Amino acid sequence: MRSVIHTATRFSAAFFSSQFSRKSTSLFSAASIHLRKMAHYLTELRGRPNATDYRVYLKTSDGKYISPFHDIPLYVADEQVGIMFFKSILFNMVVEVPRWSNAKMEIATKEPLNPIKQDVKKGKLRYVANIFPHKGYIWNYGALPQTWEDPSHTDKATMCCGDNDPIDVCEIGSKVCVTGQVIQVKVLGILALIDEGETDWKVIAINKEDPDASSLNSVEDVRKIKPGHLEATVDWFKKYKVPDGKPENQFAFNGQFKDKDFAIEVIKSTHSYWKALVMRKKMKSDEIVCQNTSLCESPFKCSDAEASTVVEAVSIYVLSYWLIFAIRQKTNTLLLL
């Protein structure tokens, strides 16, 4: 048995284990499970990055699998910081796409435990194009857990129905996050994108750990402290589908950002739709999967053992010896014999 243990970093640690095959002297296979510690949560990576089988599962700090959609609280309620931070409510945000990256990663709402995966269209992995002068996503992009934009509800402000997903967040801080990271954010405002006839809200937020967090409390603050950022956001959402042959996206309110209070009311409404979703007694095979491990009154609550079974059924990436050697050489890992 040979194990490769990656040098610990602030947010990540990787574990590679392998079993030598007597039938082959040229191939050294390895099963790989990656673990990254992020605040109160861990991520476990399954499958291969940039492949259709790639999944990012979330776990609690004590190793219990959870759904990032249903089990992570919307509101931050930490004993040390409370839910107030510089007179603002703090929300948990699940990072799906790190800033400057192109792979369209998203919470898999129709898979058990809702891991994060790369979106696929017509059998091909989806990547966003670089829209000049931007590179990939221009913010840390993700979602607020325990929210849902109900496709059966027509929003009074936009006159369009919801897009059937958790509400999206653009985190505008200076730090580049990683997929699966759970951060605490202050909401500053919101943009109403109309995507193919559906309301697709984009919450503008700032990581509470960002150096500018104490100075940013509204969209007007963003205009003063980060000039051009809001305009770039509108430009990006307007054009990002054009390289795929689609027309420019449209916006409600003429592309103007609504303020923090408006944004929080939208978030509260999507939270109420989510509550109704997870309390449904029956669910069709093509609907969102509401499997969770923490919602006692939900008919979709499962045991920790059942959650483990879900993850264990997903393939583990098999690495060849030469790839492990390359990783060792490049990352200063330690090979234990």
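Is E287 buried, partly exposed or exposed? E287 is partly exposed, at a relative accessible area of 23%. (Buried means under 20% relative accessible area and exposed over 50%, with partly exposed in between, using a 1.4 Å probe and protein chains only.)

## About the model

This is a predicted model, where local features need pLDDT of at least 70, side-chain atom pairs count only at pLDDT 80 or more, and totals for chains, interfaces and linings use all residues. Residues are numbered from 1 along each chain as its sequence is written, and side-chain values use heavy atoms, leaving out hydrogens and water.

## Salt bridges

The count here comes to 20 salt bridges. (A salt bridge is a side-chain nitrogen of Lys or Arg within 4 Å of a carboxyl oxygen of Asp or Glu.) E287 pairs up with R280, their closest N and O atoms being 3.7 Å apart, and R280 is partly exposed too, at 29% relative accessibility.

D212 is partly exposed at 26% relative accessible area, while K226 is buried at 16%.
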